[in-house]
Amino acid sequence: EFTCSEMESLMNEVIPVHAMERFEHDIFTVTTAIGMQQEMQVMVFHTKDYRTLRVTAPYSEELAKLLKRIKKLAFPKKDARLFAFRFRQPVAHADDGWGIYNIEREFQRQGALISGWRMADINRLFTFSPTYPQRVAVPNFAS
């Protein structure tokens with residue numbers, strides 16, 4: 001049994017389209033208490049964080065169009081329509097890709113270097129790790 005506030009929170013459930021794992025939709029006919037036939041539709045949203053939201057509502061063309069749009073946004077057929085591609089920020093072009101990323105500037109932007117961290121040249125010649133950058137952030141107490 002749900003209290004009013006629990007029911008309100010369920011009705012205001014937010015599922016970002018990028019969090020959807022799969023989506024099911026079906027239309028069926030029910031007989032009402034007074035003997036009338038009514039088309040209903042059930043929508044089941046499964047998310048990547050294992051939530052499931054099941055919604056049943058009377059069939060309407062508007063809702064069918066909305067569901068089609070949700071499906072198109074959540075599961076685009078072309079990669080170019082994925083959120084990451086549609087809202088991609090421009091990146092500065094550089095002939096040498098190593099000049100794009102400045103680790104010190106990035107850690108300063110995050111505020112990490114003023115809160116107990118410092119930059120170390122431990123990998124200056126890539127002998128510590130061939131896949132790590134030349135300079136790495138380490139805790140102040142590290143030697």
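The model is predicted: local features need pLDDT of at least 70, side-chain atom pairs count only at pLDDT 80 or more, and totals for chains, interfaces and linings use all residues. Residues are numbered from 1 along each chain as its sequence is written, and side-chain values use heavy atoms, without hydrogens or water.

Start with the cartoon. The protein chain has four helices and five strands, in the order α-β-β-β-α-α-α-β-β. Helices (H or I, at least four residues) and strands (E, at least two) are DSSP runs, numbered from the N terminus.

Select Glu-104 and Arg-135 next. Their side chains form a salt bridge (2.0 Å, N to O). Glu-104 sits in helix α4 (residues 103-110) and Arg-135 in the loop between β4 (117-120) and β5 (136-139), so the pair ties together parts 31 residues apart in sequence. A salt bridge here is a side-chain nitrogen of Lys or Arg within 4 Å of a carboxyl oxygen of Asp or Glu. The structure holds five salt bridges.

Now pick Arg-51 and Asp-49. This salt bridge has its closest N and O atoms 3.1 Å apart.

Select Lys-68, Arg-69, Lys-72, Lys-78, Arg-81 and Arg-86, which form a positive patch. Patch residues have over 30% relative accessible area and no salt bridge, with like charges joined within 9 Å. Helix α2 (residues 61-74) gives the most, three residues. Lys-68 is found in helix α2.

Conventions: Patch = residues over 30% accessible without salt bridge, like charges linked within 9 Å, V, L, I, M, F, W, Y side chains within 5 Å. Areas by Shrake-Rupley, 256 points an atom, 1.4 Å probe, with all protein chains shown as cover. Lys, Arg positive; Asp, Glu negative; His and termini not counted. Charge placed at Lys NZ, Arg CZ, Asp CG, Glu CD.
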